[in-house]
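Please look over the sequence and the coordinates before reading the points below.

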Amino acid sequence: ALLPVGTIALLQSFWNTFSGLTDLYVVSAPTTTAITLAGATVIVRAAQLATAKASAQARILAYLTGVDPGNLLTIGDGVTVKVEREYINSLLRTTAGVTHLDDGLTINAVAADLLLAVDKLATYAGDVATSLTWQVS
């Protein structure tokens with residue numbers, strides 16, 4: 001979660017009392033980048049449609065908010081955070097009840113990984129139940 005401006009100012013004030021000699025401490029708040037998912041067609045067993053949608057939503061939300069223990073969103077190269085398209089596909093493919101997933105997934109309208117600068121925070125308010133196409137088998 002983002003910290004309030006007052007908290008950031010307080011933290012900066014704290015760090016300003018130290019002499020870093022060779023380091024300058026800067027506390028800043030990231031800006032947010034909205035994540036949208038679309039384009040994929042998910043085929044699922046009819047009896048599991050509702051639970052598959054709910055499970056996929058929970059799994060993707062965990063990933064995009066950085067709490068998925070299987071793949072934390074981290075600064076991999078020291079400069080960017082990569083939102084991995086194939087990992088999101090794997091979350092959908094391995095959701096209980098899913099029998100097939102096409103390769104049409106887009107992240108922010110592009111069928112590729114999304115790279116975020118380290119001062120950007122991914123936010124996801126979407127719902128895969130409506131942003132993706134679901135078909136029953």
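Contact here means heavy atoms within 4.5 Å. On that basis A122 touches T33, I35, L64 and L116, leaving aside residues up to four places away in sequence. The model is predicted. The chain has four helices and nine strands, and 31% of its 137 residues count as buried.

**Overall fold and extent**

- Read from the N terminus, the elements follow the order α-β-β-β-α-β-α-β-β-β-β-α-β.
- The chain is more spread out than a compact globule, because its radius of gyration is 19 Å, well over the 14 Å that the globule rule gives for 137 residues.
- The C-alpha trace spans about 65 × 25 × 25 Å along the principal axes of the chain.
- Among contacts between residues at least 6 apart in sequence, 72% join residues at least 24 apart.

**Strand 8 and A122**

- A122 lies in strand 8, which covers residues 120–123.
- The relative accessible area of A122 is 12%, and it is therefore classed as buried, the limit being under 20%.
- Between A122 and L3 there are 15 Å in space, C-alpha to C-alpha, while the two are 119 residues apart in sequence.

**The loop residue N71**

- N71 sits in the loop between helix 2 (49–64) and strand 4 (80–83).
- Although it is a loop residue, N71 counts as buried because its relative accessibility is 15%, and buried means under 20%.
- The side chain of N71 makes a polar contact with the side chain of E84, at 3.3 Å.
- Besides E84, the residues that N71 touches are Y63 and Y87, not counting residues up to four places away in sequence.

**Helix 3 and its cover**

- Helix 3 runs over residues 85–93.
- Its buried residues are R85, Y87, I88, N89, L91 and L92.

**Salt bridges**

- How many salt bridges does the structure hold? There are three.
- One of them joins the side chains of K82 and D113, with an N to O distance of 4.0 Å. This pair links distant parts of the chain, with K82 in strand 4 and D113 in the loop between strand 6 (106–107) and strand 7 (114–117), 31 residues apart.
- K82 is partly exposed at a relative accessible area of 40%, and D113 is partly exposed at 36%.
- Another salt bridge is formed by D103 and R85, whose closest N and O atoms are 3.2 Å apart. Here too the pair links distant parts of the chain: D103 is in the loop between strand 5 (98–101) and strand 6, R85 is in helix 3, and 18 residues separate them.
- Are D103 and R85 buried or exposed? D103 is exposed because its relative accessible area is 52%, against a limit of over 50%, whereas R85 counts as buried at 11% relative accessibility.
- E86 and R93 form a salt bridge, with their closest N and O atoms 2.9 Å apart.
- E86 has a relative accessible area of 43% and is partly exposed; R93, with 37%, is also partly exposed.

**Nonpolar surface patch**

- Which residues form a nonpolar patch on the surface? They are L3, L11, F14, W15, F18 and Y25, and together they have about 540 Å² of accessible area.
- L11 belongs to helix 1, which covers residues 5–16.
- L11 counts as partly exposed, with a relative accessibility of 34%.
- L3, a member of this patch, is the residue whose C-alpha lies 15 Å from that of A122.

Note on methods
Residues are numbered from 1 along each chain as its sequence is written. This is a predicted model: local features need pLDDT of at least 70, side-chain atom pairs count only at pLDDT 80 or more; totals for chains, interfaces and linings use all residues. Side-chain values use heavy atoms; hydrogens and water are left out. Helices (H or I, at least four residues) and strands (E, at least two) are DSSP runs, numbered from the N terminus. Buried means under 20% relative accessible area, exposed over 50%, partly exposed in between (1.4 Å probe, protein chains only). A polar contact is a pair of N or O atoms within 3.5 Å; within protein, one must be able to donate a hydrogen and the other to accept it, and residues adjacent in sequence count only if both atoms are side-chain atoms. Patches are made of residues with over 30% relative accessible area and no salt bridge: like charges are joined within 9 Å, nonpolar side chains (Val, Leu, Ile, Met, Phe, Trp, Tyr) within 5 Å. Accessible areas come from the Shrake-Rupley method with a 1.4 Å probe; for residues, only the protein chains shown count as cover. The radius of gyration is taken over C-alpha atoms; the globule rule is 2.2 Å times the number of residues to the power 0.38.
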